[in-house]
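Hi everyone, thanks for coming.

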Amino acid sequence: MASEIGVSVPVLRFLLCFVATIPVSFTHRFVPSPFGKHLYAALSGAFLSYLSFGFSSNLHFLVPMLLGYLTMVLFRPYCGILTFLLGFGYLIGCHVYYMSGDAWKEGGIDATGALMVLTLKVISCSMSYNDGLLKEEELREAQKKNRLIELPSFIEYVGYCLCCGSHFAGPVFEIKDYLEWTERKGIWAPTEKGPTPSAFGATIQALLQAAICMALYLYLIPQYNISGLNGPAYQEWGFWKRLSYQYMSGLTARWKYYFIWSISEAAVLISGLGFSGWSDASPTKPKWDRAKNVDILGVEFAKSSVQLPLVWNIQVSTWLRHYVYDRLVQKGKKPGFFQLLATQTTSAVWHGLYPGYIIFFVQSALMIAGSRVLYRWQQAIPSNMAMVKNLLVFISFAYTIVVLNYSAVGFMVLTLQETLALYGSVYYIGTIVPIVLILLGNVIKPAKPSRSKARKEQ
């Protein structure tokens, strides 16, 4: 079967188990009692991991899970930072030992990707438990919402970590949400609006999206791939054709991620965990944002690079904001380039220690910083110069497309030599332009747009 569809046996085994998370998650609805649900979530996740990656995968998963739980039991005042360091330390060790990026490039797979998601869940649990010791006035809104006052039981903790195979590809969610969903509390409790709404419509939509994404990926990948970037024909092309091929290669690679995230979204939706409340509109409609990991149109037609973390790998971006970016900002001070670079570097290390990953996320920090300069200039244009403002909007859109897909080349090829060679083939345009914009932003500082007194008071 694997040879018929052109993938390796390990990848086919993973795909079958990954798709199986949908019926497994649906069955969770019918398991009686909270304890039974936690046990089912833990055992089903461990069993799917065994079928997909082998017995050793669960041993790997057990290491950060046990380390995180022990720090919460023994060192609560420091459990957040300890789990962060231990979790990332073990993940980095696995990245170095398995060098899974090489396997992914060649169509292979191992448990490292699932370990990446699991690491974030373990860290968020410990940090939320750590936040439970702090005074409420010292916490940000996200910390107040997610903090844990009491230690979860071990079966609750393992059920959260492995929940029905959700650690395969995400999305990352908070343990407090998991506990309330399992116990039918919070937004999952029956209200005057009735019980939790049906998720079937949203699930079918996610599955249709997955089918379209896979079809587009299979259609495009024979034409735009890593081999083409390294082929002799690419070297003979001019600047514009090379740049356009880089764009198409990045676009093609993204459809694979869109497919994976659409399947994982369907699994979380069908379980009911994807429900995120009711809209304020009249009549009210259910919202299903908790499982959403990507806004495809938002990525492909982003008007600004600043919007990308809000629409790409959404739940991981949210995790990085809550557990890295916000916590590096000192009280009473505004975040700057340091917080942005530190967050992007954390994301790079989380993906693996390949030079291509590091370069991509440093590039993304430069891209976002340059985009902020364009946004400031755009905001400074008076309303009676609509044409100039619209021109800046288009420039920001074109800038995002070019720099994003230029940067993505490093994420795809991974090696330092290939990354620099492909960047150099288009004269490092995606590196030079953001740096020039940042430098110009320090010279050309438009006046801040005036705000009404009412706005200031608000």
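**A pair of helices and a salt bridge**

Let's begin with two helices: α4 passes α5 in a right-handed crossing, where right-handed means that the near helix is turned clockwise from the far one by less than a right angle. Helices here are DSSP runs of H or I with at least four residues, numbered from the N terminus.

A quick word on the source: this is a predicted model, where local features need pLDDT of at least 70, side-chain atom pairs count only at pLDDT 80 or more, and totals for chains, interfaces and linings use all residues. Residues are numbered from 1 along each chain as its sequence is written, and side-chain values use heavy atoms, leaving out hydrogens and water.

How do the axes of α4 and α5 cross? The axes of α4 (residues 55-74) and α5 (residues 79-98) come within 9 Å and cross at roughly 165 degrees. That makes α4 roughly antiparallel to α5, a label for angles over 145 degrees. The axes are lines fitted to C-alpha atoms over the stretch in contact, with angles from 0 to 180 degrees between N-to-C directions.

Among the residues that meet are H60, V63 and P64 in α4, and L82, L86 and Y90 in α5; contact means heavy atoms within 4.5 Å.

Now, salt bridges: a side-chain nitrogen of Lys or Arg within 4 Å of a carboxyl oxygen of Asp or Glu. The structure holds eight. In one, K145 pairs with D177, their closest N and O atoms being 3.6 Å apart. This pair links distant parts of the chain, with K145 in α8 and D177 in α10, 32 residues apart.

Conventions
Parallel < 35°, antiparallel > 145°, perpendicular 65-115°, else oblique.
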